[in-house]
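Welcome along! Open your viewer, have the selection tool ready, and take the stops below in order.

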Amino acid sequence: MLNYSTVEKIFIVCGKTDMRRGIDGLASIVMNQYEIDVYSDALFLFCGNSLDRFKALYWDGDGFILLYKRFENGKLQWPRKHSEVKSLTQQQLRWLLEGLQVDQKRKISNAEHGYIS
């Protein structure tokens, strides 16, 4: 199986994708619309109208892997800017798969080291 934490690059195709597309159709979007090498060590994520499911496309060296996941409870926080591909970090992918937004608004600041009296 695919361990996404070892993948070099992760791309999310923002907006809505026709989820009836299979491997060839999704690979065509990546190559023709965004001019990204679909054969690189990259995971490509797609979402349609329904925010409770997504597809992932990955080239493993001798063929494509197409993953499809549907959440039973909840919705994805999928970026909806049309005609855009964003590069994600491993952390952003984890947030997305946990139902969080890929762009967190703020984080907890690091504590200053000091002594507690």
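**Before you start**

This is a predicted model, so local features are given only at pLDDT of at least 70 and side-chain atom pairs only at pLDDT 80 or more, while totals for chains, interfaces and linings use all residues. Residues are numbered from 1 along each chain as its sequence is written, and side-chain values use heavy atoms, with hydrogens and water left out.

**Stop 1: the whole chain**

Show the cartoon and look for 2 helices and 5 strands (DSSP runs numbered from the N terminus: helices are H or I with at least four residues, strands are E with at least two). Along the sequence, they follow the pattern β-α-β-β-β-β-α. Now colour by pLDDT, the predictor's confidence in each residue from 0 to 100. The chain averages 87, and 88% of the residues score at least 70. Of the 117 residues, 34% count as buried (under 20% relative accessible area with a 1.4 Å probe, protein chains only; exposed is over 50%, and partly exposed is in between).

**Stop 2: a stacked pair**

Select F11 and F44. Their rings are stacked, at 5.4 Å centre to centre and 10 degrees between the planes. F11 sits in strand β1 (residues 9–13) and F44 in strand β2 (residues 42–46), so this pair ties together parts that are 33 residues apart in sequence. Is F44 buried or exposed? F44 is buried, at 1% relative accessibility, and F11 is buried too, at 12%.

A search of the whole structure finds 6 aromatic pairs. The rings are those of Phe, Tyr and Trp (its six-membered ring), with centres within 6.5 Å; planes under 30 degrees apart count as stacked, over 60 as edge-to-face and the rest as tilted. Next, select Y39, W59 and F64, which form one aromatic cluster.

**Stop 3: the cores**

Select I12, L43, L45, F54, L76, W78 and L96. These touch the most other members of the largest nonpolar core, which has 17 residues (a core is a set of buried Ala, Val, Leu, Ile, Met, Phe, Trp, Tyr and Cys residues joined through side-chain atoms within 4.5 Å). Which elements give two or more residues to this core? They are β1, β2, β3 (53–59) and α2 (90–97), and the largest share, 3 residues, comes from β3. A second, separate core of 13 residues includes F11, A27, I29 and A42.

Then centre on W78. Leaving out residues up to four places away in sequence, W78 touches I12, V13, C14, G15, L45, F46, C47, L51, F54 and L96 (contact means heavy atoms within 4.5 Å).

**Stop 4: helix α2**

Select Q92, L93 and L96, which are buried in α2. They cover an arc of only 100 degrees around the axis, which puts them on the same side of α2; the arc is that of the directions from the helix axis to the C-beta atoms. The buried residues of α2 pack against β1, β2 and β5 (85–88). Just after α2, click on G99, with its positive phi of about 90 degrees.

**Stop 5: the cysteines**

Finish with C14 and C47. C14 is buried at 3% relative accessible area, and C47 is buried at 0%. How many disulfides does a search of the whole structure find? The search finds 0, where a disulfide is a pair of cysteine sulfur atoms within 2.5 Å.
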